[in-house]
Amino acid sequence: MPVTDSIDPSDQPDPAQMQLTPDGNLRHLLTLRGLEKNLLSQLLDLSEDFLSPLGESAVRSDQLKGRTIANLFFEPSTRTRASFELAAKRLGAEVLNLDVNTSSRIKGESILDTIYTLQAMQIDVFVVRDAGAGIPAYIARHVDPYISILNAGEADVSHPTQGLLDLLTIRRHKSDFENLKVVIVGDIAHSRVARSAVEGLTTMGVGELHLVSPPALAPDPVTMRGATISHDLDKSICDADVIMALRIQRERIDNLQDVPNVEDYFSNYGISRARMQRAAPDAIVMHPGPMNRGIEIESEVADGPQSAITRQVQNGVAVRMALLTAVVETLGTR
Amino acid sequence: MPVTDSIDPSDQPDPAQMQLTPDGNLRHLLTLRGLEKNLLSQLLDLSEDFLSPLGESAVRSDQLKGRTIANLFFEPSTRTRASFELAAKRLGAEVLNLDVNTSSRIKGESILDTIYTLQAMQIDVFVVRDAGAGIPAYIARHVDPYISILNAGEADVSHPTQGLLDLLTIRRHKSDFENLKVVIVGDIAHSRVARSAVEGLTTMGVGELHLVSPPALAPDPVTMRGATISHDLDKSICDADVIMALRIQRERIDNLQDVPNVEDYFSNYGISRARMQRAAPDAIVMHPGPMNRGIEIESEVADGPQSAITRQVQNGVAVRMALLTAVVETLGTR
Amino acid sequence: MPVTDSIDPSDQPDPAQMQLTPDGNLRHLLTLRGLEKNLLSQLLDLSEDFLSPLGESAVRSDQLKGRTIANLFFEPSTRTRASFELAAKRLGAEVLNLDVNTSSRIKGESILDTIYTLQAMQIDVFVVRDAGAGIPAYIARHVDPYISILNAGEADVSHPTQGLLDLLTIRRHKSDFENLKVVIVGDIAHSRVARSAVEGLTTMGVGELHLVSPPALAPDPVTMRGATISHDLDKSICDADVIMALRIQRERIDNLQDVPNVEDYFSNYGISRARMQRAAPDAIVMHPGPMNRGIEIESEVADGPQSAITRQVQNGVAVRMALLTAVVETLGTR
């Protein structure tokens, strides 16, 4: 009888089917899967409006004045929480930060009751990060019709706002997706960043998409349709236009047979200056952060002229501003 | 010589005598005890101004522009802290959140020195939650004359803003208090929610008030004057107009002789659909949250048409907006 | 190769040389050392504009509207964090609070990568508190040219905003510094508050400056040039105009040979009413807080007419408002 926090995602409706209103407008962002190219392009276009050169004032407006955004982070996060918080504040919204340590969840309240409670406080948008698969869709399925859910990171399943900021970063550096060769390298198996990037890039019609990892960390090919799976970075990186390194958990390396330590990991899968010689001369390097410098990526590359890593962060705020305005517009005037 | 955090509440002046200015205006809210029916009614009337239908924009104003509200929560809380934070922000105030984990209290600073420090930063209203009995009154006694204290939950003694939101919820569903039969069920002995509800309902002239609990969790009859104490919910619930279930700590159940487990607790004291058949047909069900579904209340009741639980939450924001405007008006223009 | 959080301060450029633009305007505040009397006086003058009588409304403006201030506190703090947060909000800035417990640092991200990330989110001013010596200067050295760093407490090295608020408090009570006798008493060896006070007072041309401590907690005389070091408070306090008590960690007392317990500490180094008889009749008493009442200072003195302790707190907000406006003016319009 008690509502618990254990959700069986296979029991849930497909999040890809729950995001749009009957008119085709974005109400929730739960996953990039199932969103059409046209909609993704519109969101990227809208994001451009929220970019200003670094060193100039951040773009601000009053478009969300009178709205309340709640950040519900059940996993710790600096960058994503800060990015959403700034996005909401720069649009004039009120922001409520709730993190797990001080929340009623420690008293055993179910997630859903927390949501019902906050919903009754007339919050407009919930930004949810959770370690449990299926939680954002589960919440989206139960909230009132005038509320939006934005997935800010879901287990190893999905991180759609990261996927969008990755698309925006690539689009701003390269004119189109069709002729690009993109390589994603690292712990593909456990990466929500990789999943959302693959979903977004596939929809945008990317030319070639290579997923490179140690054999033990390779993805399930079924979930990564349209991508080439490999274990040989030196080969895959040839003539690549975009190289995206993923964060690896050091504990994972310790359990690998083929790559038993960080030195071996770096030598096989790290993005080094030497290895970048094989990529296209104007290739860009991306990383979702936080970086393990010297493991996934050499500092000289992370801080070098081909790095788009800080641009990703800046684009992240713009993408979140675009999403907030988009879903609030869908919700309509009140 | 050192000021300590151990306050002997019996040494303190009666909080009920400290809340009003000589003119009878509300300066602090420490307890509902001693507040007259007329004042409570005015606060409920004022709260109505801050309600809008769910799904519409929350009510906002600039009445507290230029004021600073500090949330001092020495006990963890999601809902009450969020409710006060939103209330203050929607009135245009600046909000400072301070919680025990990051506070100087870990360095051994006394509560009073923390208050003196914040007072010197020109904070206008302190919202205080503490596990220590007598703390809000102790603070109220020591602050400068241009500062208000709102009690946001005090040990098992008092939770006056919860009491007010409960009154507002009842008043909005039922036209008057005089003809009502109200049943409060649960761990009455340790419940600050029950205490404040009893104080408020008694002042409002409630028709019948029944407090139902396992024998070991019965209240001291002296502190609950005017209420009927019982251990038989099936009998007390007959023809009740309002049933308020309280949260019980599972650890407490383990120590009960008569009700040794949660199944027994639910079967004797839980609000089930079956049991609701005995209440008045238009009875409402309340719970302060967070709920233990399946222990105090059946999910079908909590989520059913007679539930006023989410209304309580919404009314909570309105009541806190009313209180903030009331005490700031009492403090006067500066 | 990995950037680590261990900074060797001796490898760093001198923070005193990094704070001003070529035009002599304040860009960062890392230390009071090296700042000229004229500049300190201007900052104190500017701070006066942000003071209003306690009991009146706090001073507010929109001078920082459109700016974002990030509080990066890698050490817990109530008063300093609250003071900076209120200062920024009362100037109309957006504030982002980041504390170590919820930050990516727990995932191993280096401080610098955290800064680079936040910088890309178009934050204007970083307020940094850290237990590591050299961290604020290290950060200042690496940020983009349109960003300011304010040191909010650095190991036992420096606490320049505390130093400024101490200067402001003294200046508001005493007309000039030249004829003053100032006594600082406590754990001088480990006190960043003492260091910054000595630096500021020396620059302002204080008449006499005495540093009193148990022998084991005496400062390195080289770093405290211009001050008289003593272990006899009864002698040093004679005719003093300003007595500043420092907070002592109780654990430190346990390791002292000469002063083995808190009673002995109070009897030798505590500020008592009896001892205050030896000071000038209009002497003021200061303490940076949080106080150990009965150890460093008698409650009757802390709360008595000669205490300037709450004034220090109020002046702290004003000093931080002045600093924020000063560095943002240096950064220029965007």
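Predicted model: local features only at pLDDT ≥ 70, side-chain atom pairs only at ≥ 80, totals over all residues.
View 1. Helix H4 spans residues 135-142 of chain B, and six of its eight residues are buried. These are Ile135(B), Pro136(B), Ala137(B), Tyr138(B), Ile139(B) and Ala140(B).

**View 2. The open sheet of chain B.** Four strands are arranged in the order S2-S1-S3-S4, with parallel pairing. Strands S2 (94-99) and S4 (148-154) of chain B are at the edges with a single partner strand each, so one side of each has no neighbour in the sheet. From one strand to the next, the twist averages 15°. Strand S3 (residues 125-130) of chain B is joined to S4(B) by five bridges; Val125(B) has Ser148(B) as its bridge partner in S4(B).

**View 3. Helix H2 across the strands of chain B.** Helix H2 (residues 79-90) of chain B lies across strand S1 (68-73), S2, S3 and S4 of that chain. The helix runs at about 175° to S1(B).

**View 4. Helix H6 of chain C.** The 12 residues of helix H6 (residues 192-203) of chain C should span 16 Å at 1.5 Å a residue, and the end C-alpha atoms are 17 Å apart, which agrees. In H6(C), 11 of the 12 residues are buried, including Arg192(C), Arg195(C), Glu199(C) and Leu201(C). Their cover includes helix H1 (37-48), helix H5 (160-173) and strand S5 (181-185) of chain C. Gly205(C), which follows H6(C), has a positive phi near 80°.

Conventions: Residues numbered from 1 in each chain as written. Chains lettered and ligands numbered in written order. Pairing = 2+ DSSP bridges. Helix = DSSP H or I, 4+ residues; strand = E, 2+ residues; numbered from the N terminus. Axes fitted to C-alpha atoms, helices over the stretch in contact; angles between N-to-C directions. Contact = placed C-beta atoms within 7 Å. Buried ≥ 20, exposed ≤ 12 C-beta atoms within 10 Å, placed from the backbone. Expected span 1.5 Å × (residues − 1).
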